[in-house]
Amino acid sequence: MVTIIKQVVKIGGSLFPDYAIDLANKLKGTDSCIILGGGEFANLIRKYNDEWDFSEEVNHWTAIDCMDIISKLTNDKVDSARLAYSIEDINRISEEGFTPIFIVSKFLREEDPFECSWDVTSDSIAAYVAHLLNANLLIVTNVNGIYTQEPKESGSTFISKIDAKTLLTFPETSVDVMLPSLLLKFGTNCYVVNGKYPERVLSLIDDNINDYNFDYTQITGD
């Protein structure tokens, strides 16, 4: 019987190393494909760019290289995972009973689906991969979901459900600027959930669990 990838779980680089490694281990046996964000490595690229103003192309691809680095480091600590370099690898690794962690750089250079821009981060990349795999999408970050403004700012309000078209009118939130456009294009939804609580992530992907007594955001694009 062929194993089907049920969901792409994008784990934000802000959760690396402790929370990211812990969650990746706990995704064993869930038919998930993991994509990791670039974290502090990618933030350093942004910092250097503020001073030196590198080209959009160099910024884009070096940030993706940062995703590869964190993916490899995470994989080293997760016995149930294997590195995947293509869609075919993802399916094969899953069929073999392991959790694929997707190294995206080679795949993206071949596909070249995005313009080079800071608007495109691992969130949009994960949405694109989920679309190709016909899988659900979870964006796992270090906050509970989407807020009306920065969560720590006075008057910030948590949003449990928002349509992608409305989200387009927001400034940058806990997801990247391009994501809502892709959800509308693909006609799909996604969840944004706090990865510091792995049981929340597991609750959203386990059909046998229907206790959602925690904060998360559903973004609807259908």
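Modeller: Lys26 forms a salt bridge with Asp22, with the closest N and O atoms 3.4 Å apart, where a salt bridge is a side-chain nitrogen of Lys or Arg within 4 Å of a carboxyl oxygen of Asp or Glu. This is a predicted model, in which local features need pLDDT of at least 70 and side-chain atom pairs count only at pLDDT 80 or more, while totals for chains, interfaces and linings use all residues. Residues are numbered from 1 along each chain as its sequence is written, and side-chain values use heavy atoms, with hydrogens and water left out.

Colleague: Which helix do Lys26 and Asp22 lie in?

Modeller: Both lie in helix H1, residues 18-26, and they are four residues apart, about one turn of the helix; helices are DSSP runs of H or I with at least four residues, numbered from the N terminus.

Colleague: How many salt bridges does the structure hold?

Modeller: The structure holds six, and one of them joins Glu110 to Lys106 with the closest N and O atoms 2.7 Å apart, both residues being in helix H5.

Colleague: Changing topic, what is Arg200 in contact with?

Modeller: Beyond its neighbours within four places in sequence, Arg200 is in contact (heavy atoms within 4.5 Å) with Asn144, Val193, Asn194, Phe214 and Asp215. Arg200 is buried, yet has no salt bridge, and Glu199, the nearest side chain of opposite charge, is 5.0 Å away; buried means under 20% relative accessible area, with a 1.4 Å probe and protein chains only, and Arg counts as positive and Glu as negative.

How values were computed. Buried means under 20% relative accessible area, exposed over 50%, partly exposed in between (1.4 Å probe, protein chains only). Helices (H or I, at least four residues) and strands (E, at least two) are DSSP runs, numbered from the N terminus.
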